[in-house]
Amino acid sequence: MIDDKGLAARIDAAAKGRATTRIDGARASVILDATGLGAAERHAMEAAVRAAALADPGVDEVRVALTSERVGRRLIAVASGKGGVGKSTVATNLAVALARGGRKVGLVDADIYGPSQPTLMGVEGTKPEARDKTMIPVATPYGVPILSMGQLVAPGQAIAWRGPMAASALGQLIEGDWGSADTLVVDMPPGTGDVQLTMIQKYKPAGAVIVSTPQDLALIDARRAIDLFAKAGVPVIGLVENMAGYACPHCGEVSDPFGQGGAETAARELGVPFLGRVPLAMAIREASDAGTPPAAGNASEGAAFGDMAAKVEKWLKESR
């Protein structure tokens, strides 16, 4: 004889309050609310529920149905008008800093032709699993799961794809099983081509962060990126000036090999917020190459990213 109430209570405890149970003879039917759970969490909870039910000697069969409400997920595009301005490093550290501030963040490496996020996040050589044709993001040491084309091809292999193939690959990354992540930071390819247009039209970011170096040439291209998002109706959260000033490690004197203040001036002229400067620092380069984002630690080189993330977080809260 099954104690229906007692069994239902044990199943609900295994499901951490997410189960609705019906007992019909020797069969237990369980509806499990999996809203906000990642793939591994869902499977672990389902296994725990089955084990709790089958532990009762009167139960011969367990049926589990998983339900889930759609997570309201917002995308932040990190973009630049040209390559070589440190966009990927900014995207990495922005994602990590937002996660340290309490936001549930995932990182999409949409830079299809030059994916670098596996290296920057310290998970080079890992590959995502797939379940039901959906990719499961790879966990990182910094609490920010990632999906990157760099995880799907051999190291050093060229990705010689035309626009439609690249756009399709981007879709698989964004539509991965992101679980409870409420924000995806998307490291965009440089420029204003097919992949960027697909991203904007199909997935409509909540906002964009534009990265530039201080010199005039980079700022010309940054203006083009800002114009692209503006025409598509995507708000520009702000402009970041990267590689802004180099402090000599011997004498401490600061020089500006790429100029000074150009991005802040451009932001003012264009009427978009200025999110801050990131210095041209050896420590940032070394940490990035080693897969230890400066924003994950408490050293001075991570401060600029923390300040930037605080402004983006404020924008996200105010723009709801």
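Biologist: How many strands form the open sheet, and in what order?
Modeller: The open sheet has 3 strands in the order β1-β2-β3, with mixed pairing. Its edge strands are β1 (19–24) and β3 (61–67), each of which pairs on one side only. From one strand to the next, the twist averages 15°. Strands (E, at least two residues) and helices (H or I, at least four) are DSSP runs numbered from the N terminus, and two strands pair if DSSP finds at least two bridges between them.

Biologist: Before we continue, what kind of model is this?
Modeller: This is a predicted model, in which local features need pLDDT of at least 70, side-chain atom pairs count only at pLDDT 80 or more, and totals for chains, interfaces and linings use all residues. Residues are numbered from 1 along each chain as its sequence is written, and side-chain values use heavy atoms, with hydrogens and water left out.

Biologist: How many bridges join β1 to β2, and do the two run parallel or antiparallel?
Modeller: β1 and β2 (residues 27–33) run antiparallel and are joined by 6 bridges. Arg22 stands opposite Ser29 in β2, and Ala19 stands opposite Leu32 in β2.

Biologist: What lies between those two strands?
Modeller: They form a hairpin with 2 residues between them, and Gly25 in the turn has a positive phi of about 65°.

Biologist: Which helices lie across the sheet strands?
Modeller: Helix α1 (residues 4–14) lies across β1 and β2, at about 150° to β1. Helix α2 (residues 39–54) lies across β2 and β3, at about 150° to β3. Axes here are lines fitted to C-alpha atoms, for helices over the stretch in contact, and angles run from 0 to 180 degrees between N-to-C directions.

Biologist: Where is Asp56 found?
Modeller: Asp56 is in the loop between α2 and β3. Asp56 is buried, with a relative accessible area of 9%; buried means under 20%, exposed over 50% and partly exposed in between, using a 1.4 Å probe and protein chains only.

Biologist: What does Asp56 touch?
Modeller: Leaving out residues up to four places away in sequence, Asp56 touches Ile2, Leu7 and Arg10, where contact means heavy atoms within 4.5 Å. The side chains of Asp56 and Arg10 are also joined by a polar contact of 3.1 Å. A polar contact is a pair of N or O atoms within 3.5 Å; within protein, one must be able to donate a hydrogen and the other to accept it, and residues adjacent in sequence count only if both atoms are side-chain atoms.

Biologist: Turning to α3, how many of its residues are buried?
Modeller: In α3, 13 of the 14 residues are buried, so the helix is largely enclosed by the rest of the structure. α3 is followed by Gly102, whose phi is positive, near 110°.

Biologist: And Ile226, is that residue buried or exposed?
Modeller: Ile226 counts as buried, at 8% relative accessibility. Its place is in helix α7 (residues 216–231). Ile226 touches Ile210, Val236, Leu270 and Val272, with residues up to four places away in sequence not counted. Ile226 and Leu270 are 44 residues apart in sequence and 8.9 Å apart in space, C-alpha to C-alpha.

Biologist: How many helices and strands does the protein have?
Modeller: The protein has 10 helices and 14 strands. Of its 320 residues, 49% are buried. Among contacts between residues at least 6 apart in sequence, 73% join residues at least 24 apart.
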